[in-house]
Amino acid sequence: MLAPDRPKPKATPETKHFWDGCKDGKLLLQRCGDTGKAYFPPRPFSPYTGTRNVEVFEASGRATLHSYVIHHRPVPGFTPPYAIAVVELEEGPRMMTNIVDCPQTPEALVLDMRMEVAFTPLDEAITLPLFRPAKESK
């Protein structure tokens, strides 16, 4: 369970579909209708062409660990040590997240390791898409 004083993201009209998907256990991304390339974070236009011809689709939830730091100082809502990470989703975009369900050490967090989304409720309204080592990696 996450700390109750953890900062809470605020859904906007542009991101509501993403947060609704997380609450339903779905990682929803958007794709440019002109190029077919997926992107994150959510926005009403393609970062590749500027078109508003975009579609929402359900991503696999699989990723690889691209980069991370292990934070050791206390911050409201977080218990150190904890990993602040960037994962590269199977569909291409990168996403900043936290890593859960494993030791927060360099020995446990190996770059390019396979990850999977772990939907973690923050409260009744917001569920966070955190990541954990994929089951086949353990």
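View 1. Strand β4 covers residues 62-71 and runs antiparallel to β7, with 3 bridges joining the two. Strands β4 and β5 also run antiparallel, and 8 bridges join them. In this second pairing, Leu65 stands opposite Val87 of β5. Two strands are called paired if DSSP finds at least two bridges between them. The strands themselves are DSSP runs (E, at least two residues), as helices are (H or I, at least four residues), and both are numbered from the N terminus. The model is predicted: local features need pLDDT of at least 70, side-chain atom pairs count only at pLDDT 80 or more, and totals for chains, interfaces and linings use all residues. Residues are numbered from 1 along each chain as its sequence is written, and side-chain values use heavy atoms, with hydrogens and water left out.

**View 2. Five strands form an open sheet in the order β6-β5-β4-β7-β8.** The pairing in this sheet is antiparallel. Strands β6 (94-98) and β8 (127-133) are at the edges and have a single partner strand each, so one side of each has no neighbour in the sheet. From one strand to the next, the twist averages 40°. Glu88 stands opposite Arg94 of β6.

**View 3. Helix α1 lies across strands β6, β7 and β8.** The helix consists of residues 16-23 and runs at about 60° to β8. For such angles, axes are lines fitted to C-alpha atoms (for helices over the stretch in contact), and the angle between N-to-C directions runs from 0 to 180 degrees. Within helix α1, Lys16 and Asp20 are 4 residues apart, about one turn of the helix. Their side chains meet in a salt bridge of 2.6 Å, N to O. A salt bridge is a side-chain nitrogen of Lys or Arg within 4 Å of a carboxyl oxygen of Asp or Glu; by this rule the count comes to 8. Lys16 is partly exposed, at a relative accessible area of 45%, and Asp20 is partly exposed at 35%. In these terms, buried means under 20% relative accessible area, exposed means over 50%, and partly exposed is in between (1.4 Å probe, protein chains only).

**View 4. Arg132 forms salt bridges with Asp101 and with Glu116.** The N to O distance from Arg132 to Asp101 is 3.7 Å. This pair links distant parts of the chain, with Arg132 in strand β8 and Asp101 in the loop between β6 and β7, 31 residues apart. The salt bridge between Arg132 and Glu116 has an N to O distance of 2.9 Å. Here Arg132 in β8 is linked to Glu116 in β7, 16 residues apart. Salt bridges with shared partners join Asp101, Glu116, Arg132 and Lys135 into one network. Arg132 is partly exposed, with a relative accessible area of 22%.

**View 5. Glu116 in strand β7 is a buried residue, with a relative accessible area of 16%.** Its side chain makes a polar contact of 3.2 Å with the side chain of Lys135. A polar contact is a pair of N or O atoms within 3.5 Å; within protein, one must be able to donate a hydrogen and the other to accept it, and residues adjacent in sequence count only if both atoms are side-chain atoms. With neighbours within four places in sequence left aside, the residues in contact with Glu116 are Gly61, Leu130, Phe131, Arg132, Pro133, Ala134 and Lys135. Contact means heavy atoms within 4.5 Å.

**View 6. Two cis peptide bonds, Phe40 to Pro41 and Pro80 to Pro81, and two positive phi values, at Asp101 and Asp112.** Most residues other than glycine have a negative phi, and most peptide bonds are trans. Omega is near 5° for the bond from Phe40 to Pro41, and Pro41 lies in the loop between β2 (38-39) and β3 (54-58). Omega is about -5° for the bond joining Pro80 and Pro81, and Pro81 is in the loop between β4 and β5. Asp101 has phi near 65° and sits in the loop between β6 and β7. Asp112 has phi of about 70° and is found in the loop between β6 and β7. Asp112 counts as exposed, at 61% relative accessibility.
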